[in-house]
Amino acid sequence: MIPQCTALLTIDLQNDFLHPEGAYGRAGQTAESIAALPARIAPVRDALRAKGGVYLSAQFTLVPRPNGEPLISPHLKSLRPFLTKRDFAPNSFGHDLIDALAPADYTVEKVAYSAFFQTRLDYILRALNIDTLIIGGIVTNGGVASTVRDAHLRDVHTIMLSDGCAAFNEDVHDATLVSLGSVSDVVTCAAAIAMIEGAS
């Protein structure tokens with residue numbers, strides 16, 4: 001790892017997912033493992049920035065119609081029927097990165113699981129000569145897994161934070177870590193910090 005060619009990328013660590021007043025909090029869709037992520041990831045961000053790396057935040061986005069209703073896939077609507085006007089809308093409180101991690105150096109709006117799908121992420125990585133991504137966020141089996149696999153397809157080296165990502169089901173989280181071990185390094189946040197601080 002060369003820190004100056006490395007970025008921390010978090011997936012979906014936004015108020016609408018994590019804050020009590022966000023869309024998921026209002027609907028009672030919370031998990032302690034998810035709430036704990038910002039405090040675990042912040043030291044990784046700080047260590048990487050101190051060595052010349054950058055922090056990227058990929059944030060789930062529901063594009064609003066002119067009447068404010070979100071463009072939302074039938075699949076997501078069936079899973080999360082509570083989503084409504086202004087949820088995950090650009091420039092809204094809910095869409096914003098959680099305070100414990102804000103601000104990111106670069107922000108990517110994403111409309112699907114992968115942070116690469118129809119976003120400017122690939123352009124940013126190329127412009128900054130980033131060849132390694134340290135990845136955390138939510139959910140392990142959704143946005144995180146999709147992004148890790150897409151990075152692998154692009155020959156971007158990934159380091160997945162085993163305790164820096166989470167799912168609503170711990171068994172699903174654990175199984176996803178095992179399955180992604182074939183395409184990504186999987187380490188704890190503490191181990192990632194040690195790698196960063198030990199790199200030249």
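The entries below follow the order in which I looked things up.

**Ground rules.** I worked from a predicted model, in which local features need pLDDT of at least 70 and side-chain atom pairs count only at pLDDT 80 or more, while totals for chains, interfaces and linings use all residues. I number residues from 1 along each chain as its sequence is written, and side-chain values rest on heavy atoms, with hydrogens and water left out.

**Cores.** I looked for nonpolar cores (sets of buried Ala, Val, Leu, Ile, Met, Phe, Trp, Tyr and Cys residues joined through side-chain atoms within 4.5 Å; buried is under 20% relative accessible area, exposed over 50%, partly exposed in between, with a 1.4 Å probe and protein chains only). The largest has 34 residues, of which Leu-8, Leu-13, Phe-88, Leu-101 and Ile-134 touch the most other members. Among the elements that give two or more residues to this core are α2 (23-26), β2 (54-60) and β4 (132-138), and α4 gives the most, with 6 residues; helices (H or I, at least four residues) and strands (E, at least two) are DSSP runs numbered from the N terminus. I also noted a second, separate core of 24 residues, which includes Leu-121 and Met-160.

**Gln-14.** I found Gln-14 in the loop between β1 (6-11) and α1, and it counts as buried because its relative accessibility is 0%. Its side chain reaches the backbone nitrogen of Phe-60 at 2.6 Å. The largest pocket has a volume of about 610 Å³. Of the 29 residues that line this pocket, Phe-17, Tyr-24, Phe-60, Leu-76 and Tyr-113 are the closest to its centre. I took a pocket as an open set of points on a 1 Å grid over the protein atoms alone, where a 1.4 Å probe fits, with protein on both sides within 12 Å along at least five of seven lines, and lining residues as those with an atom within 4 Å of a point; the volume is the space filled by probe spheres set on the points, which are joined across faces, edges and corners.

**Backbone.** Most residues other than glycine have a negative phi, and most peptide bonds are trans. I noted a cis bond from Ala-102 to Pro-103, with omega near -5°, and another joining Ile-138 and Val-139, with omega about -20°. Asp-12 has a positive phi of about 65° and is buried at 6% relative accessible area, whereas Asp-155, with phi near 60°, is exposed at 70%.

Definitions and conventions:
Polar contact = N/O pair within 3.5 Å; in protein donor to acceptor, adjacent residues only side chain to side chain.
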